Amino acid sequence: MRTLLLVSALIGSLTAIPIPYHAFCSSLWLFEMPCAEISTTLVKQIEAFSPMIGCEKCQYQLVSATSVVIKANHTSPDGLQTENITFTLNPTIMASGCRVSAQSISLSFTSLLDDGLNYCNLYNLLSASGLTSAPGFIEMTNEWACLGYGLSTCKA
Ligand SMILES: *[C@@H]1O[C@H](CO)[C@@H](O)[C@H](O)[C@H]1NC(C)=O
Ligand SMILES: *[C@@H]1O[C@H](CO)[C@@H](O)[C@H](O)[C@H]1NC(C)=O
């Protein structure tokens, strides 16, 4: 009886998991480069990818930029999906480096798996601007912090 109650309580809490869901990706990037350079590079790349023309990698819009926080959004070519993007830059004590916390979150309710859409929003900026080969570049994330990270094809 006790077991039965426990099982039904478990099933009850499982069905309470909110679905649909705002898919998101959170990643941490380290560089052996001053934050000022990283920030300028990211803003330039967002602006270069700004034209609202049919290219999937484009469609970014800069919302605001300070030396510490860069905000942008990205819209799918059909205009149906938008993601908010936020970069937070903090200098590291060692090696005059920079620690960048990068986040992309879907504004619409999408399924839990976004096929790496949010990851690719972040990675495409990094890759196109050449920051993936910047000194000391390391990326730290995983499937828990970044949905669809392992499934994303933009990294290939
Ligand atoms: C994206 O950001 C731009 C610039 O701030 C803004 O005009 C636009 O409304 C935003 N798009 C969405 C869907 O939030
Ligand atoms: C997305 O960005 C816009 C503009 O910066 C903001 O008003 C809105 O609250 C953000 N939404 C989410 C879910 O972060």
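Helices (H or I, at least four residues) and strands (E, at least two) are taken as DSSP runs and numbered from the N terminus, and two strands pair if DSSP finds at least two bridges between them. The model on screen is predicted, so local features need pLDDT of at least 70 and side-chain atom pairs count only at pLDDT 80 or more, while totals for chains, interfaces and linings use all residues. Residues are numbered from 1 along each chain as its sequence is written, and chains are lettered from A and ligands numbered from 1 in the order in which they are written.

**The sheet**

Begin by selecting the strands, which form an open sheet of six in the order β2-β3-β4-β5-β1-β6, with antiparallel pairing. At its edges stand β2 and β6, each of which has a single partner strand, so one side of each is left without a neighbour in the sheet.

Tryptophan 29 has valine 100 in β5 as its bridge partner, and serine 27 has alanine 102 in β5 as its own. Then show β6 (residues 138-140), which runs antiparallel to β1 and is joined to it by three bridges; here leucine 30 stands opposite isoleucine 138.

**The core**

Now select the largest nonpolar core, a set of 27 residues in which Val100, Tyr119 and Leu122 have the most contacts. Two or more residues come from each of β1 (24-31), α2 (35-48), β3, β4 (82-91), β5 (98-106) and α3 (117-128), and the largest share, seven residues, is that of α3. Such a core is a set of buried Ala, Val, Leu, Ile, Met, Phe, Trp, Tyr and Cys residues joined through C-beta atoms within 7 Å. A residue is buried if 20 or more other C-beta atoms lie within 10 Å of its own, exposed if 12 or fewer, and partly exposed in between, with C-beta atoms placed from the backbone.

Centre the view on valine 100, which is in contact (C-beta atoms, placed from the backbone, within 7 Å) with Trp29, Ile38, Phe87 and Leu89, leaving aside neighbours within four places in sequence.

**Two loop residues**

Move to methionine 33, in the loop between β1 and α2, which is partly exposed, with 18 other C-beta atoms within 10 Å. Not counting residues up to four places away in sequence, methionine 33 touches Ile38, Gly97, Cys98, Ala134 and Pro135. The C-alpha atoms of methionine 33 and cysteine 98 are 6.1 Å apart, although the two residues are 65 residues apart in sequence.

Glutamine 59, in the loop between α2 and β2, counts as buried, with 21 C-beta neighbours inside 10 Å. Its phi is near 65°, a positive value in a residue other than glycine.

**The two ligands**

Finally, show ligand 1 with the residues around it, Gln61, Val63, Asn73, Thr75 and Thr82, each having its C-beta atom, placed from the backbone, within 6 Å of the molecule. This shell has one nonpolar, four polar and no charged residues, and β2 (60-65) and β3 (69-75) each supply at least two of its members.

Ligand 2 is surrounded by Val63, Lys71, Asn84, Ile105 and Leu107, a shell of three nonpolar residues, one polar and one charged. In these counts Ala, Val, Leu, Ile, Met, Phe, Trp, Tyr, Cys and Pro are nonpolar, Asp, Glu, Lys and Arg charged, and the others, Gly among them, polar.

Notes: Contact = placed C-beta atoms within 7 Å.
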